[in-house]
Amino acid sequence: MAFDGIVIANLVKELNDNILNGRISKIAQPERDELLLTIKGTCGQIRLVLSASASLPLIYLTEQNKPSPMTAPNFCMLLRKHIANGRITKICQPGMERIIHFEIEHLNELGDLCHKQLIVEIMGKHSNIIFCDQNLKIIDSIKHISAQVSSIREVLPGRTYFIPKTQEKCNPLETSQEEFFANIFSKPQNLQKSIYTTYTGISPVMASELCFRAQAEGDRPACALSEEEKLHLYHHFCWMMEDIKEGKFTPNIIKKGKEPIEFASLSLSQYSDLSVTEYSDISQVLERYYADKNIYTRIRQKSVDLRKVVATILERDRKKYDLQLKQLNDTHKREKYKVYGELIHAYGYGLEEGAKTLNALNYYTNEAIVIPLDPQLTPQENAQKYFDKYNKLKRTFEALTELTKETQEEIEHLESISASLDIAVSEDDLAQIKEELVQYGYIKKKHTGKKVKSKSKPFHYISSDGFHIYIGKNNFQNDELTFKFATGNDWWFHAKGMPGSHVIVKTNGEELPDRAFEEAGCLAAYYSKGRGNDKVEIDYLERKNVKKPKGGKPGFVVYYTNYSLVAAPDISGLTVASDETL
């Protein structure tokens, strides 16, 4: 997820192709640190988003509009005064910096032709949008940076704009072999870090990609490479820079399942094991990536409270379970006390008064044992004392056996809920999980007087052979899929010995090909707690052999005969049904 100089170079090419010589027809400021420019060009009307947000700075072309405040902010009004209906005459990137310069030609109040510059800096929390005259004197900026805030550079009206050289980095587009060798291989750092700390605009991801292409280990010390390896790396570096100079970009998004993991303007061969989707332009990548990423981020944020509830109860139950097992283990000596009592009854008649031990033959094992006695008690009282201990431990054993079973079932139930939270993709999914937590008393129910019907539905995939596969997102859906939706001859899949979704393959009376079994196994592995493993063992059997125990919690089933397969949790090649749900 690197908005680096290479992505900026890709954006500059795209902007030059689409909005160069276009006229700025509208200027809006929908957010405190974001501009929305509507530009009319030869290709029609298009909108340009310029965001200097500290958490998510962005530049991209879009067709979507955004609502603006009733009263335009001062910066927006200033831009309207100066460059409304202005023509964009030049779009460039200085070096490989994360900066874009827009040169805008416009008529002033007297009708004279003037030039202004709108400079967008994409630098994380230091991002800014700065409006300058043709001599780079700052007219205003969307964020004012005073000397109290930054000792490096003031961004205030009247100051001269310059790019702060906080790091002595080189321009990768203007380097020679001698400079490359001197800069990269002389640093006491690993190879990957040496690359991205030496050259402007190259992110750690692209440095890692360069190492991967050159078959060099990124975490290896840079100085440890042989001359042949150094030359090989330099050649790959030159080929990458040549692609950037010639505008040979391949905008793409890397996904793990449905979740976007990374985006780039050049192909990332290091992620060959994940799903790669290529796009025609970088704006589509940025808009799609951050929209999809926002879904997962928002859902994780909204699920924080539920996760905290589940984690707290799980921690408490696990401690309770460990204590119960320890207490249960202590009851194993109960049989010894029973034998002591019986042997005292059998051999205690010859004991002297005040005896502290009884030497007797254990007729159960045919071994001699020594039984401790209380000298102040009679043999009969000593025997009764041991029988009392035996009975107490027996009652404890019976009670703890039931309690440990209940605690273990509760832990398994909570772990399955935790797994459901991991795969939730919408607020409806979270609502159904919350309903389960309320139903089982983990969360207090709030009486609102309204009964909300859940819109959450199972995942829906289609196998390579056209068979429909359904995956429950939570325990309620697992039960519904298995015992209401599936028929007896449908196939049921589940990760062995770990929380996970029920996977149903609808057969429609047909025999499933091997590939359908493999793909269903991959889905069962992916939608389980074993998602991060290389391989997951999967149990599968016909639905008619899956049973629901009486009083069992949602999603809990039993089966006694099944087949097994080993699957990788990789679903990149599977097709999501158009409805995605039932």
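Me: In which element of this predicted model does Thr38 have its place, and what makes Thr38 count as buried?
Reply: In this predicted model, Thr38 has its place in strand E2, which covers residues 34-41. The relative accessible area of Thr38 is 5%, and buried means under 20%, so Thr38 is called buried.

Me: Which residues are in contact with Thr38, once its neighbours within four places in sequence are left aside?
Reply: With those neighbours set aside, Thr38 is in contact with Arg23, Ile24, Ser25 and Lys26, and also with Gln45, Ile46 and Arg47. Each of these counts as a contact because heavy atoms come within 4.5 Å.

Me: Why is Ile145 called partly exposed, and where does Ile145 lie?
Reply: Ile145 lies in the loop between strand E9 (138-141) and helix H3 (177-184). Its relative accessible area is 21%; buried requires a value under 20% and exposed a value over 50%, with partly exposed in between, and therefore Ile145 is called partly exposed.

Me: How far apart are Ile145 and Asn128 in sequence and in space, and which residues are in contact with Ile145 beyond its neighbours within four places in sequence?
Reply: Ile145 and Asn128 are separated by 17 residues in sequence and by 9.5 Å in space, taken from C-alpha to C-alpha. Leaving aside neighbours within four places in sequence, Ile145 is in contact with Asn128, and likewise with Ser150, Arg153, Glu154, Val155 and Leu156.

Me: At what angle do helix H11 and helix H12 pack, and why is H11 described as roughly perpendicular to H12?
Reply: Helix H11 (residues 427-439) and helix H12 (residues 475-485) pack at an angle of about 95°, and their axes are 8 Å apart. Angles of 65 to 115 degrees count as roughly perpendicular, which is why H11 is described as roughly perpendicular to H12.

Me: Which residues make the contact of H11 with H12, and how do they divide into nonpolar, polar and charged?
Reply: On the side of H11 the contact is made by Gln432, Glu435, Glu436 and Gln439, and on the side of H12 by Asn475, Phe476 and Gln477. The residues of this contact divide into 1 nonpolar, 4 polar and 2 charged.

Me: How many cavities of 30 Å³ or more does the structure hold, and what lines the largest cavity?
Reply: The structure holds 1 cavity of 30 Å³ or more, and about 30 Å³ of space lies in the largest cavity. Its lining consists of Ala2, Asp4, Val7, Ser203, Val205, Met206, Phe263, Ala264 and Ser265, and the elements that give two or more residues to this lining are helix H5 (204-213) and strand E11 (259-264). The lining residues divide into 6 nonpolar, 2 polar and 1 charged.

Terms used:
Residues numbered from 1 in each chain as written. Predicted model: local features only at pLDDT ≥ 70, side-chain atom pairs only at ≥ 80, totals over all residues. Heavy atoms only, no water. 1 Å grid on protein atoms, 1.4 Å probe; cavity = no way out; pocket = protein on both sides within 12 Å on 5 of 7 lines; lining within 4 Å. Points joined across faces, edges and corners; volume = space filled by probe spheres on them. Helix = DSSP H or I, 4+ residues; strand = E, 2+ residues; numbered from the N terminus. Nonpolar A, V, L, I, M, F, W, Y, C, P; charged D, E, K, R; others polar. Axes fitted to C-alpha atoms, helices over the stretch in contact; angles between N-to-C directions. Parallel < 35°, antiparallel > 145°, perpendicular 65-115°, else oblique. Buried < 20%, exposed > 50% of the residue type's maximum accessible area, 1.4 Å probe, protein only.
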